[in-house]
Amino acid sequence: MSKKTINDIDWNGKRALVRVDFNVPMERGTNVISDDVRIRAALPTIQHLTSNGASVVLCTHLGRPGGKVDPALELQTVAKRLSELLEAPVGYVHDCVGAIALEQVEALKPGEVMLLENVRFYPGEEANDVEFAKGLAALADVYVNDAFGTAHRAHASTDGVAHQLPAVAGLLLERELEMLGGVLENPERPLGAIFGGAKVSDKVKVLERLVSQADAIFIGGGMAATFLKAQGHNVGTSLLEEEMVGFCGQILEKAEANGVAVYLPDDVTVTKNLESGAESKKVPVDQVPDGWMIADIGPAAIDTFLSHLPDMGTIVWNGPMGVFEIYPFDKGTEAVAKGVAFSGAVTVIGGGSTAEAVDLLGLAEEMTHVSTGGGASLEFLEGKVLPGVAALDDA
Ligand code: ADP
Ligand code: MG
């Protein structure tokens, strides 16, 4: 990797400020963590640092407090969960800069861990304010970024602070860059890209990029409707982006010119309303009735997609194949998730909803890599330089 990592530092007796992404989902209206994947993902870095003699000061954001203190977004419960997972005490300080924070982190001994309060309680965080960044930097000797999910934001705790201290990547960030970077730079071929999710307009850049890099493209989800429209099909009341029809046509032309195979669904599952257990039927793509909308790819499409996945050397998947949150429109996503998992290819999952679906199906362990960064993984695959990565010291 072109950036320094925690493996390049002698940690003995040093204090590390580690930006993690503990922006965990909470059960509605409570302070109860509903999914601790993001906390678990940071454990290897924390354990590496503590076992090499560093004291560890963690900082993260949670939610969108908008630069003000919001008691609902304080981090006590996060510190508690981290402590359970580490099987070690985790200190918690009710601030993230200033005298009290400084006093508490200075009392840390090698091997000890402390979590600072939500950095977004200060407006200087999202404004990437230099003074605020200096306040964070005053707490440690070395800065570590392990918050891949926030690396696409140039904030004080992801960018500013990295210019005030020696700055290196944590193990999670390193793995994300290696896995996602591998898809773009040196994939085991053929490279298959599966696209789905809600809208074409969210994925313009990644479609443009992969249509010239992939060997095969599979399209499902809400965005399939706009592609099908570009092929002249009637898509009923489907989620259609009229203004993107021309773009989809161009993508199909580029794919053809580049010799990239494109698999659009041969059939779809349609419904009149998107509700659990709503009436639905499976129709060929040229027979979507007026008043019905595409909610999922159909069984023939599943068969086609699954028949080609085992031929791939690498598969990158962004976007569910249907409205997977609503039964029975989860079938396409479930089948494709299994097809990806057991394809034998190097498999990389990007996108928040896609990762959630894979997780719900219990297939995360079967994938080579499930990115912890929704927006960040998409921006990375678009080929953008992530500010939180750019700010780290070059190797
Ligand atoms: P990701 O977070 O993985 O990048 P997106 O955010 O692009 O994925 O899209 C996820 C959303 O797309 C899901 O909420 C899902 O319900 C929706 N979706 C998938 N297929 C359809 C469809 N046919 N019609 C409407 N919405 C869809
Ligand atoms: Mg999403």
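Which element gives the most to the lining of the largest cavity? I began my notebook with this point, and I note at the outset that I am working from a predicted model.

**Entry 1: the cavity**

I searched the whole structure for cavities of 30 Å³ or more and found 1. I read its volume as about 50 Å³, and I then asked which elements stand around it. The answer to my opening question is H1, which gives the most to the lining of the largest cavity, with 3 residues.

**Entry 2: the largest pocket**

I then looked up which elements supply at least two residues each to the lining of the largest pocket, and I have helix H1 (37-51), helix H6 (171-185), helix H12 (352-360) and strand S15 (369-370). The largest share of that lining comes from H1, with 6 residues. I also checked the domains: domain 1 (6-173) and domain 2 (187-382) each give at least three residues to the lining of the largest pocket. By class, I divide the lining into 11 nonpolar, 9 polar and 8 charged residues.

**Entry 3: the second largest pocket**

For the second largest pocket I have about 420 Å³ of space. I find it lined by 27 residues, and nearest its centre I note Gly 197, Ala 198, Gly 222, Leu 239 and Gly 322. Two elements give two or more residues to this lining, namely strand S12 (293-297) and H12. S12 gives the most, with 5 residues. I sort the lining of the second largest pocket into 12 nonpolar, 10 polar and 5 charged residues.

**Entry 4: ligand 1**

How many residues surround ligand 1? I count 18, and I note that the closest are Lys 203, Gly 322, Glu 325, Ser 353 and Thr 354. Gly 322 is also one of the residues that lie nearest the centre of the second largest pocket.

I then went through polar atoms placed beside the ligand. A polar side-chain atom of Thr 354 lies 2.5 Å from an oxygen atom of ligand 1, and a polar side-chain atom of Lys 203 lies 2.8 Å from an oxygen atom of ligand 1. For Ile 294 I looked to the backbone, where an N or O atom lies 3.1 Å from a nitrogen atom of ligand 1. Ligand 1 exposes 580 Å² when taken alone, and I note that the protein buries 82% of that.

**Entry 5: backbone geometry**

Where do cis peptide bonds occur? I find one joining Arg 189 and Pro 190, with omega about -5 degrees, and I place Pro 190 in the loop between H6 and strand S7 (191-195). Another cis peptide bond joins Tyr 327 and Pro 328, with omega about 5 degrees, and I place Pro 328 in the loop between strand S13 (314-318) and helix H11 (331-341).

I also looked up phi for Glu 87, and I have a positive value near 55 degrees in a residue other than glycine. Glu 87 lies in the loop between helix H2 (76-86) and strand S3 (90-93).

Notes. Residues numbered from 1 in each chain as written. Chains lettered and ligands numbered in written order. Predicted model: local features only at pLDDT ≥ 70, side-chain atom pairs only at ≥ 80, totals over all residues. Heavy atoms only, no water. Helix = DSSP H or I, 4+ residues; strand = E, 2+ residues; numbered from the N terminus. Nonpolar A, V, L, I, M, F, W, Y, C, P; charged D, E, K, R; others polar. Domains from an automatic or database assignment. 1 Å grid on protein atoms, 1.4 Å probe; cavity = no way out; pocket = protein on both sides within 12 Å on 5 of 7 lines; lining within 4 Å. Points joined across faces, edges and corners; volume = space filled by probe spheres on them. Near = heavy atom within 4 Å. Polar contact = N/O pair within 3.5 Å; in protein donor to acceptor, adjacent residues only side chain to side chain. Areas by Shrake-Rupley, 256 points an atom, 1.4 Å probe, with all protein chains shown as cover.
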